[in-house]
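Let's walk through this structure together, one piece at a time. Have a look around the fold before reading on.

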Amino acid sequence: MKRRDFIQQASATTALISLGGIGLHSFSNKPSAKQITILHTNDVHSHIDPFGPDDGKYPNMGGVARRASLIESIRRENPNTLLLDAGDIFQGTPYFNYYGGELEFKLMSMLKYDAATLGNHDFDAGIDGLYAQLPHAKFDFICSNYDFSNTIMDTHTKPYKVFTVDGIKIGIFGLGIKLKGLVDSDNYKETTYLDPIETAQEMTRILKTENACDLIICLSHLGYHYKKEPNKLCDLKVASLTKDIDLIIGGHTHTFLPKPTVVKNSEEKSMLVNQVGWHGINLGRIDFYFDSDKNKSANGTSIIV
Amino acid sequence: MRFTFLIYLLYISLFTNCKQPEYHLTKIEGKQIGVTDSLKAISEIDSFIQPYRAHLKKDMDSVLAYSVGTYSRDDGEFNTAIGNFMVDAVHEQANPIFKRRTGHDIDMVLFTYGTVRTIISKGDITIRTVYELMPFENNIVVVALKQPQIDSMLQYLCKTKKANPFSKLKLTIDKNYDLVNATISGKPIDNNKTYYVATHDYLYNGGDNMTFFQPNDSLYKLNYKVRNALIDYLKKADTINPVMDDRYIQIPRK
């Protein structure tokens, strides 16, 4: 009985689809536009409550409950929105010392984060401490250049993920910073660090060529730029040494930028690097507009920052 | 069965033939939005945080001691009141434990500029202040060091040009940041002696690029958190009034 029901259902759907197919063909000549909104944070460092009125630097700024209302209003305006974090979710207030990151992950899940990458401080309670909090995170951890195969985190992170939002394929991968010398080796254990540039090249190939993504985003905890250490790898270098990345969302250096930075990639194409300070003081917002009108797309992509 | 298979085939062919319009990226807009108090907090989120916040507040707001002034790690070029306070307090708390276990004294304590995470403000010092000063869960360790690690340590301190806090060590450097004189516990450094240097496990494991702690003669883990040592010290102290002193100076003085 059940199988028959299924067959009947299936044929009915097929009929609908074939009609729909014709419909789509006739529609395909009519140009239409789509908008994808990317919201992002970095280095929130357990700052759950807003800064108090007497704070010397950021009085009355930040706070998860306020960030939630900002995100909610943007999602109402455009439901085709992804919310991302570039790492260092943990460490900085007693909430982390007391609850080990549980509250941070629970709140990010309530805010419906779609993905995050890991920062060095996310290892501060040890890789076991991080693992213990994973049940509280209803979003994916995307790490492309950490090999966790000999650790408890094995299979609990993804090297990349493709989100399909309003028919637009968005590929996301994640780059973490070298942990040696920065994190106690007892805390990251046998996590292996892979070369970020080689990893980025491999990830963009997979996302662009194999998955035909319309948009590629790199979540990075490498740091924006190191003035005093010009040879140190950073987001600006990843941006200029690779191709096919549309946006790098950075963290680690707690960089406040007056506006997102436009960088020319290895093919001289313009792309964006952004970072929004730390402690949840700001929310980054990048809007990508797509059009099926050939005349519009012939003019290339305009970047307004 | 075959019929089902056919339907699947039909599905697949229909989907692949069905051409979607091709979308091209035409415009990108980027900006940053401040999370300010003009945004209304979502009460559902806030009430979820409330029990955690209340539990924390009860613990965090208890007063430990009074601070006579406001102290920052940037108050001095080579040593600071806040840094001196931290390492001196750790020496006082950790030395009796180490002595009881090993029969030796801690010869010196060494932290880094980066270990001092925030300021101490004039007024009441609460548990929260100490958590902000030392948010990390680092434990105190004592490392037995001899030549040439002691030399490497002194080189590190001279060349980093930072107010890295230390206790019981005295350093004098010249205008080129070269070592002029060094004493530990008031005595010139003896090249044959083993020195017991207290630090925390992050630095011991090479944090802040301190590469001189390993290899070593031996390592003693005190299982005593830096934060707890500071809290225990402050519980005993009614008032703190730390000062910048002559433990690390450059000659001629500027």
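A polar contact is a pair of N or O atoms within 3.5 Å; within protein, one must be able to donate a hydrogen and the other to accept it, and residues adjacent in sequence count only if both atoms are side-chain atoms. This is a predicted model, in which local features need pLDDT of at least 70 and side-chain atom pairs count only at pLDDT 80 or more, while totals for chains, interfaces and linings use all residues. Residues are numbered from 1 along each chain as its sequence is written, chains are lettered from A in the order in which they are written, and side-chain values use heavy atoms, without hydrogens and water.

Let's start at Asn265(A), found in the loop that links strand E11 (261-264) and strand E12 (270-274) of chain A; strands are DSSP runs of E, at least two residues, numbered from the N terminus. Its side chain reaches the backbone nitrogen of Glu267(A) at 2.8 Å. Asn265(A) counts as buried, with 5% relative accessibility (buried means under 20% relative accessible area, with a 1.4 Å probe and protein chains only).

Now for the sheet. It is open and mixed, with 7 strands in the order E4(A)-E3(A)-E2(A)-E1(A)-E13(A)-E1(B)-E14(A); two strands pair if DSSP finds at least two bridges between them. Strands E4 (140-141) and E14 (302-304) of chain A are at the edges with a single partner strand each, so one side of each has no neighbour in the sheet. Within the sheet, E1 (residues 33-41) and E2 (residues 81-85) of chain A run parallel, paired over 5 bridges, and Ile38(A) stands opposite Leu82(A) in E2(A).

How values were computed:
Helices (H or I, at least four residues) and strands (E, at least two) are DSSP runs, numbered from the N terminus. Buried means under 20% relative accessible area, exposed over 50%, partly exposed in between (1.4 Å probe, protein chains only).
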